[in-house]
Amino acid sequence: MKDARLKILGDYVISNTIGKGTFSKVKLGVNKSTKERVAIKIIEKANIKEKDDLERVKREIEILNNIRHSNVIKIYTVLFVNIGNRRRCQILYNNGILRRW
């Protein structure tokens with residue numbers, strides 16, 4: 001993973017995009033010490049234009065935080081990060097599927 005495009009977020013090295021959605025991109029993250037792979041969903045605040053959009057994001061976080069099932073991703077943490085004048089919500093997920101990436 002010696003790529004100039006790699007970024008660090010706390011204990012995680014963030015690399016390539018593995019998915020995109022209406023409000024977000026999903027990047028592959030690897031814990032620097034344990035080498036565990038996680039999905040990091042990055043939501044740009046600027047992409048959330050309507051109150052209903054914000055409610056959908058909040059509902060997704062709440063639902064995934066409360067469900068425990070082997071076929072449903074687990075939220076590790078939700079971070080709100082300011083980068084310059086931009087605000088982001090970053091959500092770390094894992095359910096074992098990322099081990100294949």
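This report describes the fold, strand pairing, helix and nonpolar cores of a predicted model.

## Overall architecture and confidence

The secondary structure of the protein comes to one helix and six strands, and from the N terminus on these elements follow the order β-β-β-β-α-β-β. Of the 101 residues of the protein, 33% count as buried. Among contacts between residues at least 6 apart in sequence, 37% join residues at least 24 apart.

Because this is a predicted model, the confidence values deserve attention before the details are read. The protein averages a pLDDT of 79, and 80% of the residues score at least 70. Among the elements, strand S2 (residues 12–20) has the highest mean pLDDT, 90, whereas strand S6 (residues 86–94) has the lowest, 69. Over residues 97–101 the pLDDT stays under 50, and for this stretch the model has nine contacts beyond four places in sequence.

Strand S1 (residues 7–9) and S2 run antiparallel and are joined by three bridges, with Lys7 standing opposite Ile14 in S2. These two strands form a hairpin with two residues between them, and Gly10 in the turn has a positive phi of about 60°.

S2 in turn pairs with strand S3 (residues 24–31) in the antiparallel sense over six bridges, and a hairpin of three residues joins the two strands. Lys20 has Lys25 in S3 as its bridge partner. S3 also pairs with S4 in the antiparallel sense, here over seven bridges; in S4, the bridge partner of Lys25 is Ile42, and that of Val30 is Arg37.

## The loop between S3 and S4

The hairpin of S3 and S4 has five residues between the strands, and Lys35 has its place in this loop. Most residues other than glycine have a negative phi. Phi of Lys35, however, is near 65°, a positive value in a residue other than glycine. Lys35 is also exposed, with a relative accessible area of 58%, where the cut-off for exposed is over 50%.

The buried residues of H1 are Asp53, Val57, Ile61 and Leu64. They cover an arc of only 80° around the axis, which puts them on the same side of H1. An α-helix has 3.6 residues a turn, so residues three or four places apart point the same way. On the other side of H1, Lys51, Asp52, Glu62 and Asn66 are exposed.

## Nonpolar cores

The largest nonpolar core has 10 residues, namely Phe23, Val26, Ala39, Ile43, Ile48, Val57, Ile61, Leu64, Ile75 and Tyr93. The elements that give two or more residues to this core are strand S4 (37–44) and H1, and H1 gives the most, with three residues. A second, separate core has six residues, including Leu9, Tyr12, Ile14 and Ile42.

Val57, Ile61 and Leu64 belong to the largest core and are among the buried residues of H1.

Methods. Residues are numbered from 1 along each chain as its sequence is written. This is a predicted model: local features need pLDDT of at least 70, side-chain atom pairs count only at pLDDT 80 or more; totals for chains, interfaces and linings use all residues. Side-chain values use heavy atoms; hydrogens and water are left out. Buried means under 20% relative accessible area, exposed over 50%, partly exposed in between (1.4 Å probe, protein chains only). Helices (H or I, at least four residues) and strands (E, at least two) are DSSP runs, numbered from the N terminus. The arc is that of the directions from the helix axis to the C-beta atoms. A nonpolar core is a set of buried Ala, Val, Leu, Ile, Met, Phe, Trp, Tyr and Cys residues joined through side-chain atoms within 4.5 Å. Two strands pair if DSSP finds at least two bridges between them. pLDDT is the predictor's confidence in each residue, from 0 to 100. Contact means heavy atoms within 4.5 Å.
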